Every structure is written in structure tokens, then in C-alpha cells.
Amino acid sequence: MTSSASVTPNSPKKPIFTRFLDMVEYLGNLLPHPITLFVILCAAVLVASGIAGFFEVSVADPRPEGVKGRAADGMIHVVSLINADGLELIVTNLVKNFVGFAPLGTVLVALLGVAVAEHSGLLSAVMRGMVMGASKRMVTVTVVFAGIISNTASELGYVVLIPLAAMLFHSLGRHPLAGLAAAFAGVSGGYSANLLIGTVDPLLSGITETAAQLIDPSYTVGPEVNWYFMFVSTFFIAAMGAFVTEKIVEPKLGKYNQDEASEDLSHDSLGKLTEVEKKGMKRAGLAVLVVCALLAWTIVPEDGILRSDTGTVAGSPFLKSIVAFIFVFFAVPGLVYGKVVGTMKTDRDVIDAMSKSMSSMGMYIVLVFFAAQFVAFFKWTNFGQVFAVSGANFLQEIGLTGPMLFFAFILMCGFINLMIGSASAQWAVTAPIFVPMLMLVGYAPETIQAAYRIGDSTTNIITPMMSYFALILAVATRYMKNLGIGTLIATMLPYSLCFIVGWSLLFYLWVFVFGLPVGPGAATYYTP
């Protein structure tokens, strides 16, 4: 007897794209939770180190003689951790690995300031003010732009802006899913771009620095190293997102049919700004100007107190302390806004805001614990250096260098992101391999990180593995009750394809044609 679900000769065959999406969803569902994944990777590194150590796996060290860490025989040997010395190394450094993991403290400190601005209501008011204050001609680009800069405040864009954009388009007589798609493209597809240095910058730079130190123990990577490129990328992605929305996605969606909604949308509220909120934003704006003026006083004058000993901005205490300034930049305006609108009446309100923000980071802290152990194990075993040297030699043998090398790297990062939706989880796994490898080919960690951020951002919007994908789907079904995962992914695919092509071309022009640094003091090429 044949099951009713079986395919008959007359059954229509699924399109290639649908089958591809089914495969991605199937493979993604096979992956364990990111925390479990790091536990498995830790165990795999331990076992692999024992096997490689037994067979005395090694490669020639490309670093010149006299460099710290270079073995006397000029070889990099895989170190086994499956022995007494390995066990001692693991148990005595377990806590040190965790508390010394670069992204942990920087992200938490920056988030404390963002928490004040977020829980006071300032960030939500700014988002609403930007989107609803835009003219009809500029509303699409404003929605995408607001989505991009909203990633400074973690989940704010997903929770506030995306539903708001759908309601805004609906109120303007446009298809609400076009508004949802535009906001989603900005929030998630443009995740790494921003006008300001946010929490994602210290998170990634800390991982990059740890990976770079496998080759150069003295190498440092600050949170600001991609700021120039990401600042310009903000406007580039906003314009591209608006183009895709108006020329591809919205025409494909067609005219919206109210009967497709799963609920009565006649009472949709756009949450317009109140007079007290407008007053709070003005006072917060003045606070921003005061903070910026004070920060400028420390760095702009030639004798600025936070310039370096040689009087330069590069390598200055200002750039090294950028996380502290992120904290101040968000906390002070947030507190001023909260005082005006009444959400921050006492010190208890400020403390509660910070506490709530920290409580939401529980999963991240657990993830960091196991990620830190994996990174440490990988470093101790020398696997990163062995893979890097072997990979660099292979790339040189096949002649894959320059732009084509980075295009391939961006595509690979985008593909991996389909199955590992967390930017930090993916980079913690791949950075120890690819940062040293591409450094040996001659590229600086700052440039490598910028390329990674393109690949990681552009496929966020088409993978069900992205943590907020279910939330976006739930919002979308308000306006189209029969909408499924495939429909949502198909709607977002044009953004993903255009972003990865356009952003890669921008990277090519920026780095290889104009030779511009991707950030303050950031090198493009690495020379030992």
C-alpha cells in the first residue's frame, strides 16, 4: 500500500530553490545548540590532539628566527592534551580561560550603557520618531536605515522596529510584508553595519585578536578597527535595501488583500510619539552633544589628554577605551530621557535596567564559557597554526589570492551562517583557522574581520537558524495567515543575494582599488 504522502508520477516536482531551502532547513536542524556544539568541539580537539600528537604531526614555521614562540627546530608541532601535562593545563586554566576571554567583559560593559538607553525608552522613541517622521518618498530607505542602526541595541530592532514597519506600510496603503521585509533586511541583513561602534564590535574584535595572536602574540585588535568601512556600509546597505524593496519585493507581493490577515488589523496602533517623549528626546539630544564635546576635548586637540604618548590618535588610550565611551554615550542620554519621561525616577530604576539587561545575557555567558575553553584548547594544541600554515601553502600553490580569495571567504562565511546563526559562535569556531591562514598570505586581521562580517550578515535573513526568525514569522502571519517559512525566505532572498554581491563589490573597491583602511589605525596587509 502506498502512503498518501508518497510522490506519484503526476505529483509536481519541487522547484530547485524549494529543495535547496528544504536541505538547508534539514541540515540546520541536525546541528545541536551552539553551547552543545562547543562542548562537542572541545572533546573533538582533545581527541584529535592525542591522535595528531601520537603521529607527530608538524609543519614548517614560516616565522623568522628569533620570534617569540618559535621552536628551536623551526617546526610547529601539534601538542597532545591527552596526557598528564594536558590535564594539568586544562584544570588549572579553566577559570582563567573564561574570565580572560576578551569579548566577555567588553560586551557586558558596553551593554550596561545600552541597557539604560533601551529601558528608559529612548532607543524605542528614536526608532519610532525616525520611521514615522519620514516622508512617503523616503519611508522605505528610512525603515532600512533605522533597522541597520537599531542593532546597537540588540533585540530592539526585531521586537520594536519590524512590527512597526509592517504597521506603517499597512497604514500607507502599501503591502505590510514589504515593510516587514525592509526592516528585517536592515536589522539582520545589515547587522554589522552601523554609524556607531556597538556591542558587536568588541565581541568580534576580541575573538579576532585571540586568533591573530596565534601568529603574532603581540597583535591587538580594537573594537573600532572596522568603523570606517561599516559607517559607509550603513548608507550603502540602506540604499540597496530600499531599491530591492521597491523594485523587486513589493512588486512581487502585489496589492495587499485584507482578507489574508489572520486577525482584525483595523485597530493597529503606530505608537506615535507623545509630547513628553519629544521633550525627552530633545533633552537627550543635548546630552549627546555635551558627551561628544567632552570626548572631543580629550582627543581632537594635539595635546588631548587621551592621545598617545607620541600625540597620535592611533594606539591612543581613547581608542583602547572605546568600550567605556560606548557605555557613557548611551547611559547619559538614556538617563536624561528617563528623567524627563518618568521611566528613570530613582537610582533603583537605573540599577533595575542594568540588571534586566544582564539577566538576559545568561545564555551568552554560558556560551562564552565553553567557547573560551574551545579557543584555549585550539591554541594550546597548535592546531590553528598547523591548519593556517597548511591552508596558506595550499592557497599559494593554487594561486588564489587578492579579491578572489576574499570573495570565496565571504561566500563560505555566508554558507556557514545558514547553519550557525550566531555571529560570535561562528567566528569563535572559524577565526582560529582563517585569521592566521589569511595573515600568512599577507592580510591584516582587521581586513579579514571586515570580510567575515559581510558574509555573516547577508545570510541572516534567509536562515531559520537565526534566533529571531520565528518571531519574524509570527509577525508576518498576522498579515498573511497561510504564510510559511519558505515564503518568508523567498521574500528575503533578493535582499540576501543583492547584499552579498553589492557589499562584496564595495569591499573590493575599498580595499583593493582605493586601498583605504577599514578602520582607525587598521592595517590592510600584514607583515611579520
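Trainee: How many helices and strands does the protein have?
Mentor: This is a predicted model. Its secondary structure comes to 21 helices and two strands.

Trainee: What share of the residues in the protein is buried?
Mentor: Buried here means under 20% relative accessible area. The count runs over the 528 residues in the protein, and the buried share is 52%.

Trainee: Which helix gives the most to the lining of the second largest pocket?
Mentor: The second largest pocket holds about 550 Å³ of space. It is lined by 20 residues, and those closest to its centre are Ile197, Trp227, Leu295, Phe318 and Ile322. The elements giving two or more residues to this lining are H10 (227-253), H11 (275-299), H12 (317-320) and H13 (322-341). The one that gives the most, with five residues, is helix H13.

Trainee: Is Ser233 buried or exposed?
Mentor: Ser233 sits in helix H10. The cut-off for buried is under 20% relative accessible area. Ser233 has 0% relative accessibility, so it counts as buried.

Trainee: Which residues does Ser233 touch, not counting residues up to four places away in sequence?
Mentor: A contact needs heavy atoms within 4.5 Å. With residues up to four places away in sequence left out, Ser233 touches Ala193, Trp503 and Leu506.

Note on methods: Residues are numbered from 1 along each chain as its sequence is written. This is a predicted model: local features need pLDDT of at least 70, side-chain atom pairs count only at pLDDT 80 or more; totals for chains, interfaces and linings use all residues. Side-chain values use heavy atoms; hydrogens and water are left out. Helices (H or I, at least four residues) and strands (E, at least two) are DSSP runs, numbered from the N terminus. Buried means under 20% relative accessible area, exposed over 50%, partly exposed in between (1.4 Å probe, protein chains only). On a 1 Å grid over the protein atoms alone, a cavity is a set of points where a 1.4 Å probe fits but cannot get out, and a pocket is an open set with protein on both sides within 12 Å along at least five of seven lines; lining residues have an atom within 4 Å of a point. Grid points are joined across faces, edges and corners, and a volume is the space filled by probe spheres set on the points.
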